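Here is a short briefing to read alongside the structure.

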Amino acid sequence: MADAERIPGFNTLAVHAGAKPDPTTGARATPIYQTTSFVFDDVEHAASLFGLQAFGNIYTRIGNPTCAVLEERVAALEGGTAGLAVASGHAAQVIVMQTLLMPGDEFIASKKLYGGSINQFNHAFKSFGWNVVWADPDDIASFEAAVTPKTKAIFIESIANPGGVITDIEAIGKIARKANVPLIVDNTLATPYLCKPIDYGADIVVHSLTKFLGGHGNSIGGIIIDAGTFNWSRDKKYPMLCEPRPEYSGIVLHETFGNFAFAIACRVLGLRDLGPALSPFNAFLISTGIETLPLRMQRHCDNALAVATWLSQRPEVAWVSYPGLASDKYHALAQKYVPKGCGAVMTVGLKGGFEAGVKLVSNVKLFSHVANIGDTKSLIIHPASTTHKQLSDAQKIQAGAGPDVVRLSIGIEDKEDIIADLELGLTAK
Ligand SMILES: *Cc1c(COP(=O)(O)O)cnc(C)c1O
């Protein structure tokens, strides 16, 4: 039957993947299974669930049917084999690394990352004995030069937050394959609507669902997607995946679960033992948000390009960093990796420096002054007077948060209203 063989398109998957009408009630929307635990059929059923011989629900810290809809949906959109939803983007990164690294191991990370990830890698991860080695995405050879026998993974962002850096995923993927370590791509700013890192060699994709996937600024969440591409057993470098697990009567996860073993390891070892589970209510809000992801992302991109073009012609503006602009350093990479648009986030340098930044965030009315991105609403922040206030000027500039820099996350309002609001802020006395 031709219909059964048809592979649904991205818009269809965004609405339907992972979900079906509730078999007991007929409810068309996915129910919020707001329960901590699930009744076993009998003692044998319970034993088979606990022994990983059968799939099923036990306890919401390990899995929940509302969260499962979200996991299947994002895995389908990214082209992965399985997903694991967790409490935040940062929790996703902890669980991925805890599954891959032992104390004393290293991972290579792009130095152009979300500031929260730079902090997490430099401080929290070091206290676990996981050592980050920084590389420069503008110098691909620096990734290869950073590989040592202790390297267990490479971590990059597809579009880096906030500078609008487009990373050459395919080139770094080749380095990861040569080193036989997985490539992890944080795809938060692009979302699978704009870019699917697995097509370019990513083995693991992580997201902060808090941003564009949820899309409405109402829930914190994160997800891990297993591409199913990595051979965990080849060099015996990943004991969580290729050695017998004493807590599951000697099962070897890679042997038993094949191309979704990484997602299983993250769930039955990482999430089970570390505990940052996503609430079913947040999973419901985020899955509902994803239904409109393609529509919202296209509007975010179209509005952002219009705003970036307008800003780049303003006398108050020294520079605009947005890869959608033809003059941007990353424009050629953007045409390869994000041809439909470059997302909503840009940074802007103001000629008037620190005072001009404070004036702009203080005088806009439609924009909200918040530490977030990826809302339907337009958002603005002046890092030098807020998130990066404690740093010296030199450190601020190094972090891409110099005194003149303002970060914008363009919403899905009418672009004329967004531009009029920025004009108000730029020209205020
Ligand atoms: C926000 C963000 C994170 C962290 O996600 P949380 O949900 O806030 O924990 C990680 N990576 C990127 C690119 C982000 O923008």
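**Helix H5**

- Helix H5 (residues 89-100) has 12 residues, which at 1.5 Å a residue should span 16 Å; the C-alpha atoms at its ends lie 17 Å apart, so the two values agree.
- Keep in mind that this is a predicted model.
- H5 is mostly covered, with nine of its 12 residues buried.
- Among the buried residues of H5 are Ala 91, Ala 92, Ile 95, Val 96, Met 97 and Leu 100, and Gln 93 and Thr 99 are buried too.

- E2 pairs with strand E3 (residues 131-135) in the parallel sense, over five bridges.
- Within that pairing, Ala 109 has Trp 134 of E3 as its bridge partner.

**Nonpolar core**

- The largest nonpolar core has 122 residues, and Leu 311, Met 346 and Leu 408 have the most contacts inside it.
- This core draws at least three residues from each of domain 1 (9-289) and domain 2 (293-427).
- Leaving aside residues up to four places away in sequence, Leu 408 touches residues including Leu 311, Met 346, Phe 367, Ile 380 and Leu 422.

**Confidence**

- The chain has a mean pLDDT of 95, and 99% of its residues reach 70 or more.
- Among the elements, helix H1 (residues 2-5) has the lowest mean pLDDT (67), while strand E9 (residues 222-226) has the highest (99).

Methods:
Residues are numbered from 1 along each chain as its sequence is written. This is a predicted model: local features need pLDDT of at least 70, side-chain atom pairs count only at pLDDT 80 or more; totals for chains, interfaces and linings use all residues. Side-chain values use heavy atoms; hydrogens and water are left out. pLDDT is the predictor's confidence in each residue, from 0 to 100. Helices (H or I, at least four residues) and strands (E, at least two) are DSSP runs, numbered from the N terminus. A nonpolar core is a set of buried Ala, Val, Leu, Ile, Met, Phe, Trp, Tyr and Cys residues joined through side-chain atoms within 4.5 Å. Buried means under 20% relative accessible area, exposed over 50%, partly exposed in between (1.4 Å probe, protein chains only). Domain bounds come from an automatic or database domain assignment. Contact means heavy atoms within 4.5 Å. The expected span of a helix is 1.5 Å times one less than its number of residues. Two strands pair if DSSP finds at least two bridges between them.
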